[in-house]
Structure formats: C-alpha cells, structure tokens
Amino acid sequence: DDPDAWRLRQQEIRDALWRDALFPLEELAARSAGETMPPPAVRVVGQVNDPRGFRVQIMVLESRPGSLIPITVWVPRTITQQIPVVIMPPGHHPEGYREAFHQQLAMNLVLNAGMAVVTFDPVAQGERWQFVGRNFKAGECSFDMTTCTRHKAPCTLALDAIGQQLFLLNSSLIAYFVHDVLRILDFVAGRLEFADPKRIAMVGTSGGGMLTAV
C-alpha cells in the first residue's frame, strides 16, 4: 500500500539485475543505467518506399567491434517535426524482424500513430543465425531455421547452447541482448534527427516482451 516502498523495491530489483545479470559484460559495466553513449557506426544498405505512405531504411549497426546487427527503420513518408520512436525486438521467430506479425505491427504504428519504428535481428535469429549445419542433439533440433518446427515456432536450443557456454565464462546471454538494445537506443538518440528524445519507447512479444521488461 506504500508507493514509495514499491519504488524502492523496483530500484533494488533493477540494481540487482544490472549487477548480477548484466555486469559481466565490460561494455555494460562501463555505463550507468539510463546513460546514453556516443552512437555506434551504422551503414545504410537499402531503402524501400511503400506506396501506402511510409519508407523503410535497411541498415547494419555495429554494436561492438565485429558484432553486426541488421536493423530497419520504419518512418512515415513525410516528417515535419520530431516524432516518437518505438524500438521493437521480435519474438522467437527464425525470420527475426521479418516475421509477418512484427512487420504488421510496425506498419500500424507508422501509418496509424505517426511514429517511427526500429526493428532488428536478435542473436541467433534472422541474419544472425549461428548454427548452420550443426546438430547438438540428434533427432530433437538440427538448428536449421528452415525446418525447425518444435512448438510450431523456431526452437530456442540455439540460445540455450550459447547461454550455457557463457555461464562457463561467468557471463550471461541476456547481457548481450541488453547491450544490443542499448546501442540501438544510442543510435536512435544520437543519429535519428527526427526522433523525439523524450518519446522513445519499446514494445515486444514473447522473447521481445521479455527483453522489453528487462
């Protein structure tokens, strides 16, 4: 019943997550929660102009040396002032941000709400697939994104395999997920001139929802 006590508990949880789950990654240890850093290097590789009234810029963002993230920036065709930007991590789908539901949500936010949307491929999804041709558990998962239909969705054993290796190094996979999002946030705040810095949000479903909550 005490709002101040709830806020204190929220801060305790955030501090514990930052210290215990995220701290092992040096790039996160060097920055405070809520702090922005100089924007990362970004290369534009293409653009799609949709006649329905929006355009999509296709880019590659370097979140850390040698770690490239395919991203897309969805914006209304005409921008006359700063607008809200929504960072949208996809759920556990092999196509990453290309999955139809995520693209429909991005279009709705751009066309119906006048917002910009930034989507990207998380680790082991889309163009960041890392287990081509490998079979860690014969008969259960071939790590083949074109044929894996366990639970009618891509299996997450790839993430399990990466996470277990990181545990041996006293690190965690979620730290890399969070670092990617923070670098995308740095990109939005530092390179998108149309972005309203006071109206940057994040939304996701499934794995993307978990990442949004963290």
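This is a predicted model: local features need pLDDT of at least 70, side-chain atom pairs count only at pLDDT 80 or more; totals for chains, interfaces and linings use all residues.
**Entry 1: Phe 101**

I started at Phe 101, which is partly exposed with a relative accessible area of 45%. For the record, buried means under 20% relative accessible area, exposed means over 50% and partly exposed lies in between, using a 1.4 Å probe and protein chains only. My numbering runs from 1 along each chain as its sequence is written, and side-chain values use heavy atoms, with hydrogens and water left out.

Phe 101 belongs to helix 3 (residues 100-113).

**Entry 2: the overall layout**

I then stepped back to the whole chain. I find six helices and six strands in the protein. Helices here are DSSP runs of H or I with at least four residues, strands are runs of E with at least two, and both are numbered from the N terminus. Read from the N terminus, the order is α-α-β-β-β-β-α-β-α-α-β-α.

Of the 214 residues, 42% are buried. I looked at contacts too, meaning heavy atoms within 4.5 Å. Among those between residues at least 6 apart in sequence, 63% join residues at least 24 apart.

**Entry 3: helix 4 against helix 5**

How do helix 4 and helix 5 pack? Helix 4 (residues 157-168) meets helix 5 (residues 173-191) at an angle of about 105 degrees, and their axes are 8 Å apart. The axes are lines fitted to C-alpha atoms, for helices over the stretch in contact, and the angles run from 0 to 180 degrees between N-to-C directions. The two helices are therefore roughly perpendicular to each other. On this scale, under 35 degrees is roughly parallel, over 145 roughly antiparallel, 65 to 115 roughly perpendicular, and the rest oblique.

I listed the residues that make the contact: helix 4 brings Leu 159, Ile 162, Gly 163 and Leu 166, and helix 5 brings Leu 173, Tyr 176 and Phe 177. They divide into six nonpolar, one polar and no charged. Nonpolar covers Ala, Val, Leu, Ile, Met, Phe, Trp, Tyr, Cys and Pro; charged covers Asp, Glu, Lys and Arg; the others, Gly among them, are polar.

**Entry 4: rings**

Next, a search for aromatic pairs gave me one in the structure. To pair, rings of Phe, Tyr and Trp (its six-membered ring) need centres within 6.5 Å; planes under 30 degrees apart are stacked, over 60 edge-to-face, and the rest tilted.

Is the pair of Phe 54 and Trp 74 stacked or edge-to-face? The ring centres lie 5.6 Å apart and the planes stand at 20 degrees, so the pair is stacked. It links distant parts of the chain, with Phe 54 in strand 2 (residues 54-64) and Trp 74 in strand 3 (residues 67-76), 20 residues apart. Phe 54 and Trp 74 are both buried.

I also noted Arg 98, whose charged end sits over the ring of Tyr 97 at 4.1 Å from the ring centre. That call needs NZ of Lys or CZ of Arg within 6 Å of the ring centre and within 35 degrees of the ring normal.

Arg 55 sits in strand 2 and is partly exposed, at a relative accessible area of 22%. Not counting residues up to four places away in sequence, Arg 55 touches several residues, including Gln 47, Val 48, Trp 74 and Ile 79.

Gly 46 is in strand 1 (residues 42-50). With residues up to four places away in sequence left out, Gly 46 touches Val 56, Gln 57 and Ile 58. The C-alpha atoms of Gly 46 and Ile 58 are 5.0 Å apart, and the two residues are twelve apart along the chain.

Setting aside neighbours within four places in sequence, Gln 125 is in contact with Pro 90, Gly 91, His 92, His 93, Pro 94 and Gly 96.

My last stop was Ser 206, in the loop between strand 6 (195-202) and helix 6 (207-213). Ser 206 has a positive phi of about 55 degrees, though it is not a glycine. Buried or exposed? Ser 206 is exposed, with a relative accessible area of 56%.
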